[in-house]
Amino acid sequence: MKKLHLSLFTLLLTLIFNACGLTMQNQQMSVNEDLPSVQTLKHISDMSSVAFEWNSFYNENIQGFLLYKSTPNEPEMKLVATIKNKFQTHYVDTSLEPDTTYLYTMRTFNEFKQISSEGVLIEVKTSPRLQPLPFVQAINGLPNKIKLIWRPHPDLRVQAYEIQRAEQDGNFKTIKELKNRLEAEYIDDDLKPNQNFQYRIFAKTFDGVYSESSQILNSTTKALPPQITHLSATTDLAGRILLAWDSPNFEDFAYYKIYAKNSSLLPFSELARTQSNNYEDRVNEVGKKKEYKITIVDKDGLESTMPEHSVEGKTLDAPLAPSITLTAIVADGIDLGWTPNDDRAVSYTLKRYGGGDVIFKEISETTFKDTTAVQGQSYTYEVISVDSNGIESKPSARVRVGG
């Protein structure tokens, strides 16, 4: 049936060409029946070109040749080449579509812009496209990249491969051309974690003809590690903050990255890395607050997203300051007494100002007799609590005695 359609198409085109030969492409040319017509037009075709050969017209009074072409989709003959050399007997029509039927004819012309009568009408079909690549594969789960591999095309006319990727709009766009038939892989990098793309690959011949498309490949980059859960930070340890969190079941685990900041006005900065699900932050400040966030880093260097919320830790506050409640001048000195105000106090430091400043340390009781005081001399006292960690409270309110 297809051959019958082509034959009818050829017959119809011949009738159109005979009737309208003067109106094709160049209406200024008139037919000269005395000019020789081209009755033999040999051809050889491939996927995108047709080579023609015709008998010589060396001794004829012509200037050259006109080559016309049509397709089933465009049945009107169109001028495709003007050959201005009567000694030429070969021509190649290029940039044709593979697996497509064309009709050609040729006329001679002279210097007076006259053309010969119609010549032979030939039917030419270009070769089919190359078969798609015999094997293609996309590698999933790589960090920020997708790897494509394939088996080199067996056709020796192939000199390149064109890699295409489907964008957000669903249209495929060329992202890379590899100019060697034996190339067998391409790595699409600088991607984001857990991104999905579709790819297809074309083999390309030396004259720019594409093969059929490979199968569509679908691949996804490696996802980020999971976020940690249940992070806690202590608030009651002296000079240190202990962090602890749940350890997820994550096969590609490499280490945890700990971030911290000392103020809400500052950004988080990396504090440490550890493979344990706990960490001791040595702060060595009393009542120091810090905020923490922790991420997981995998063996490929991918880091989980930073948690939205931080956890606040704090070192142990200083004990409350005591209150001096007793001052009395006695014969052998000055008696002092105070209320601890904090049961963490294990000892006290008493400071005296005036008459030579003096510090009395490691007082275990809440009373003290200053036997070094001189009768008639004025003194000022303050007392400081000290806990079992050696953390001192602020001084008590000062009291004045004597004078």
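Predicted model: local features only at pLDDT ≥ 70, side-chain atom pairs only at ≥ 80, totals over all residues.
Biologist: Got it. Which residue forms a salt bridge with D300, with closest N and O atoms 2.6 Å apart?

Modeller: That's K222; the closest N and O atoms of K222 and D300 are 2.6 Å apart. K222 sits in the loop between β16 (217–220) and β17 (232–233), while D300 is in the loop between β22 (289–298) and β23 (311–314), so the pair ties together parts that are 78 residues apart in sequence.

Biologist: And K222, buried or exposed?

Modeller: Buried, because its relative accessible area is 10%.

Biologist: How many salt bridges does the structure hold?

Modeller: There are 24. One of them joins E303 and K257, at 3.4 Å from N to O. This pair also links distant parts of the chain: E303 is in the loop between β22 and β23, K257 is in strand β19 (residues 253–261), and they are 46 residues apart. K257 is buried, with a relative accessible area of 10%, whereas E303, at 24%, counts as partly exposed.

Biologist: What about R398? What does its side chain meet in a salt bridge?

Modeller: E382, with 2.9 Å between N and O. E382 belongs to strand β29 (residues 379–387), and R398 lies in the loop between β29 and β30 (399–401), 16 residues apart. E382 is at 5% relative accessibility, so it counts as buried, but R398, at 52%, counts as exposed.

Biologist: Which ring does the charged end of R398 sit over?

Modeller: The ring of Y353, at 4.2 Å from its centre. There's also R165, whose charged end sits over the ring of F197, 4.8 Å from the centre.

Biologist: New topic, rings with rings! How many aromatic pairs are there?

Modeller: The count is 13. Take Y379 and Y381: their ring centres are 6.3 Å apart and their planes meet at 45°, so the pair is tilted. Y379 is buried at 2% relative accessibility, and Y381 is buried at 0%.

Biologist: Which residues do ring pairs link into a cluster?

Modeller: F52, Y102 and Y104. F52 also turns up in a sheet, where it stands opposite Y91 in β6.

Biologist: How many bridges join β3 to β6?

Modeller: Four, and the two strands run antiparallel; β3 covers residues 50–54.

Biologist: What holds strands of a sheet together in general?

Modeller: Strands pair through backbone hydrogen bonds, and the pairing can be parallel or antiparallel.

Note on methods: Residues numbered from 1 in each chain as written. Heavy atoms only, no water. Pairing = 2+ DSSP bridges. Phe/Tyr/Trp six-rings, centres within 6.5 Å; stacked < 30°, edge-to-face > 60°. Buried < 20%, exposed > 50% of the residue type's maximum accessible area, 1.4 Å probe, protein only. Lys NZ or Arg CZ within 6 Å of the ring centre and 35° of its normal. Salt bridge = Lys/Arg side-chain N within 4 Å of Asp/Glu carboxyl O.
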